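Subject: Structure for you to look at

Hello,

Please find the structure below, with notes on what was found in it.

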Protein chains: 2
Amino acid sequence: MATVEDLQKRVVELEKQLAAALQTKNAPHRDKIAQMSSEVVDSNPYSRLMALKRMGIVDNYERIRDFTVAVVGVGGVGSVTAEMLTRCGIGKLLLFDYDKVELANMNRLFYQPHQAGLSKVEAAERTLREINPDVEFEVYNYNITTVDNFQHFMDRIKNGGIGGSSPVDLVLSCVDNFEARMAINTACNELSQKWFESGVSENAVSGHIQFVIPGETSCFACAPPLVVATNTDEKTLKREGVCAASLPTTMGVVAGFLVQNVLKYLLGFGQVAYYLGYNALDDFFPTMAMKPNEECDDRHCRLRQKEHQAREAAKPKVEKAEVKEEEIVHDDNSWGISLVSETTAEELQAAEGDKPVLTQGVTVAYTKPAPKQEGDGDSTVKDSGKSLEELMKEMGNL
Amino acid sequence: MATVEDLQKRVVELEKQLAAALQTKNAPHRDKIAQMSSEVVDSNPYSRLMALKRMGIVDNYERIRDFTVAVVGVGGVGSVTAEMLTRCGIGKLLLFDYDKVELANMNRLFYQPHQAGLSKVEAAERTLREINPDVEFEVYNYNITTVDNFQHFMDRIKNGGIGGSSPVDLVLSCVDNFEARMAINTACNELSQKWFESGVSENAVSGHIQFVIPGETSCFACAPPLVVATNTDEKTLKREGVCAASLPTTMGVVAGFLVQNVLKYLLGFGQVAYYLGYNALDDFFPTMAMKPNEECDDRHCRLRQKEHQAREAAKPKVEKAEVKEEEIVHDDNSWGISLVSETTAEELQAAEGDKPVLTQGVTVAYTKPAPKQEGDGDSTVKDSGKSLEELMKEMGNL
């Protein structure tokens with residue numbers, strides 16, 4: 001039989017092993033870094049990013065720490081988006097999702113089988129903190145489209161910046177449904193918050209990103225959502241209850257496009273894309289910029305347009321070059337959309353029939369029904385908050 | 001003082017905790033799956049991939065398990081490439097690298113700080129096996145460009161397929177230097193092995209993939225390596241000893257393009273890109289196809305060209321449509337390169353001067369020195385194997 005001494009030795013040994021096992025599992029594996037350094041040593045996680053300064057791409061990379069980005073939806077696109085921003089050393093990330101990790105998500109990057117069952121935001125936060133403990137996180141495991149959550153979501157957009165009383169710098173929509181996109185659109189129009197929309201088609205072989213500057217570019221309510229046309233049977237795509245296909249490739253590319261344009265916007269290099277599509281079958285990448293619809297259903301969008309026009313009118317002519325200078329093709333159509341495109345209006349009209357005038361390869365996700373004639377014709381979209389339920393009901397009817 | 005009973009209880013308790021801690025850390029977190037299923041349940045990691053069949057994109061997704069891909073270089077592009085293929089359920093992966101994980105790699109996707117110090121292939125294999133235990137792995141922690149390793153590398157390309165006596169289906173070059181690319185090119189020309197080249201510029205804002213079919217498209221020795229022009233000072237890029245910049249975005253996009261085209265090639269959908277560039281500053285994506293150089297320095301390339309011409313001549317006219325049908329712009333130039341491009345030869349010649357005629361936005365990584373006049377003028381590139389040292393010496397002189 002074992003002696004007390006034997007057992008004590010065994011306890012010490014086991015405690016040591018357990019501590020080691022737990023440490024490998026839980027401990028933060030690098031310390032926080034107070035200041036980003038350009039020093040070229042193997043132990044510096046920022047050396048390859050700070051090198052962007054020496055390469056003449058970015059003037060002041062350290063600024064990345066001043067920015068806050070909200071990522072709504074941390075699935076196939078959103079999780080990779082959050083990981084890229086974390087590895088780039090973004091100051092603060094807000095994550096919103098209400099889904100759980102499932103084995104059925106393993107065909108996309110980021111989540112691992114041992115995380116199945118965890119909420120996506122919880123699993124994402126754990127992994128991201130381990131990757132970069134310098135990033136600040138706020139995560140919310142809820143659906144932004146319910147009334148109470150929407151109010152809270154609006155508040156976090158308005159006050160979620162570093163320090164806790166400034167707005168976030170950008171909102172990134174990485175959701176997979178119309179209701180959530182419309183809620184983000186409503187919030188961002190009301191708060192005059194710049195945001196990026198992103199999406200991947202249900203057949204997994206196309207995707208897009210779109211930059212929305214309230215009042216300056218087309219919002220999500222100005223026109224039906226745009227998608228890259230993929231030459232597949234539209235009926236297949238629309239069938240209800242069918243499990244959508246997805247690929248880690250398409251989602252990784254869309255996340256890459258999204259974060260690249262976020263970095264260009266935040267750090268001030270290159271040209272930010274207003275719309276960038278990805279057709280994987282043909283490696284085709286439509287781009288365009290769309291002006292907002294003056295008759296947009298969203299009251300706050302129309303308000304932001306007026307404000308933008310006033311700002312533009314007040315500017316001295318020379319200074320107004322933030323927006324990429326391209327020849328603008330004005331073209332009246334049933335959607336009230338004007339756009340910048342290399343394709344002629346005639347080519348598009350022939351190809352798209354009654355749809356908005358769009359660049360080659362891009363089409364609308366669906367056609368808009370005729371407006372209903374109930375009550376006040378000017379109030380089909382209400383303020384956010386109290387009236388969101390009504391808004392949702394209307395969306396359900398679309 | 002503790003009694004023997006107390007200590008025994010403590011030992012049992014500690015053993016239980018240790019087992020739990022180790023299990024969370026090491027245990028495979030999902031069992032192998034004998035056959036891919038389309039069943040739409042949360043526990044099926046293949047449901048969203050098998051849905052590609054129902055969506056009309058892929059005829060027989062299960063075939064993915066029959067394929068073997070070799071990934072050379074598992075850094076910023078190669079690790080994400082391997083992860084995407086693993087999540088897609090590829091049959092077998094061969095990984096080659098001789099580098100260690102460092103904190104300085106944390107600005108790109110895949111590796112995590114706790115893996116610092118492990119060899120890249122070891123760290124990658126552990127993570128990938130946990131993500132998908134159905135994939136078969138062979139990993140080699142060596143530099144393919146030394147004489148012995150090159151012989152072994154050639155053998156694994158030739159016999160590394162599933163079953164152990166067939167060649168791999170594709171080789172993917174995800175390396176970051178000229179010598180390794182040239183070694184892959186030499187091996188693939190000799191073995192008539194199809195491969196993809198990939199690359200990211202040192203200023204982190206452009207990248208490309210290129211599909212090489214020996215004898216059918218331009219090999220790496222037919223012309224200087226192509227890069228996407230990025231409007232930055234070339235001198236900055238060429239300076240020796242300067243730490244290159246890198247971004248998770250650009251590398252993720254290039255990996256996405258690479259694996260997407262691998263899937264299109266292996267599973268037979270869409271159009272495989274011969275050259276696809278990515279200019280992140282402007283979201284510009286040049287594409288083209290290049291015919292091989294009849295005077296290529298690589299003897300095996302010239303041999304493969306003759307074989308290809310013979311096969312083409314023997315084919316009935318109707319069947320020869322595997323290669324995308326485009327109007328081919330033949331244009332003699334100092335590089336002997338012909339290419340398929342939407343840009344006219346005149347536009348290009350004006351833009352590129354003495355360089356090969358390339359599609360808009362693409363240029364060569366460097367200009368080729370005049371051939372040296374020592375010995376037999378026809379043998380500047382030797383057979384692989386015994387003569388590789390000489391080849392390396394010549395590369396060093398470039």
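How many residues of chain B are in contact with residues of chain A? The answer is 88 residues of chain B, which are in contact with 88 residues of chain A; contact means heavy atoms within 4.5 Å.

Some ground rules come before the rest. This is a predicted model, in which local features need pLDDT of at least 70 and side-chain atom pairs count only at pLDDT 80 or more, while totals for chains, interfaces and linings use all residues. Residues are numbered from 1 along each chain as its sequence is written, chains are lettered from A and ligands numbered from 1 in the order in which they are written, and side-chain values use heavy atoms, with hydrogens and water left out.

The two chains together

Chain B and chain A bury about 7,700 Å² between them, and 69% of that area is on carbon and sulfur atoms. Buried area here is the accessible area (1.4 Å probe) that two parts lose on being put together, summed over both. B:Arg48, B:Met55 and B:Arg87 supply 10% of the area that chain B buries against chain A, more than any other three residues.

The core

The largest nonpolar core has 140 residues. Such a core is a set of buried Ala, Val, Leu, Ile, Met, Phe, Trp, Tyr and Cys residues joined through side-chain atoms within 4.5 Å. Buried means under 20% relative accessible area, exposed means over 50%, and partly exposed is in between (1.4 Å probe, protein chains only). The residues with the most contacts inside this core are A:Phe257, B:Leu93 and B:Phe257. Not counting residues up to four places away in sequence, A:Phe257 touches A:Ile209, A:Leu276, A:Tyr278 and A:Phe285 in chain A, and B:Val253, B:Phe257, B:Tyr278 and B:Phe285 in chain B.

Chain A as a whole

Chain A contains 11 helices and 11 strands. Helices (H or I, at least four residues) and strands (E, at least two) are DSSP runs, numbered from the N terminus. Of its 398 residues, 57% count as buried. Among contacts in chain A between residues at least 6 apart in sequence, 65% join residues at least 24 apart.

Individual residues

A:Arg30 is in the loop between helix H1 (4-26) and helix H2 (47-54) of chain A. A:Arg30 counts as buried because its relative accessibility is 6%. Its side chain makes a polar contact of 2.6 Å with that of A:Asn132 and another of 3.1 Å with that of A:Asp134. A polar contact is a pair of N or O atoms within 3.5 Å; within protein, one must be able to donate a hydrogen and the other to accept it, and residues adjacent in sequence count only if both atoms are side-chain atoms. Leaving aside neighbours within four places in sequence, the contacts of A:Arg30 include A:Pro45, A:Tyr46 and, from the other chain, B:Leu103.

A:Glu125 lies in helix H4 (residues 120-131) of chain A. The side chains of A:Glu125 and A:Arg129 are joined by a polar contact of 2.7 Å.

Two residues have a positive phi without being glycine. A:Phe110 has phi near 90°, lies in the loop between strand S2 (92-97) and H4 of chain A, and is buried at 7% relative accessible area. B:Ser192 has phi of about 55° and is in the loop between helix H6 (178-191) and strand S5 (195-200) of chain B. B:Ser192 is partly exposed, at 41% relative accessible area.

B:Val200 is in strand S5 of chain B and is partly exposed, with a relative accessible area of 25%. B:Val200 and B:Thr250 are 50 residues apart in sequence, yet 7.4 Å apart in space, C-alpha to C-alpha.

Regards
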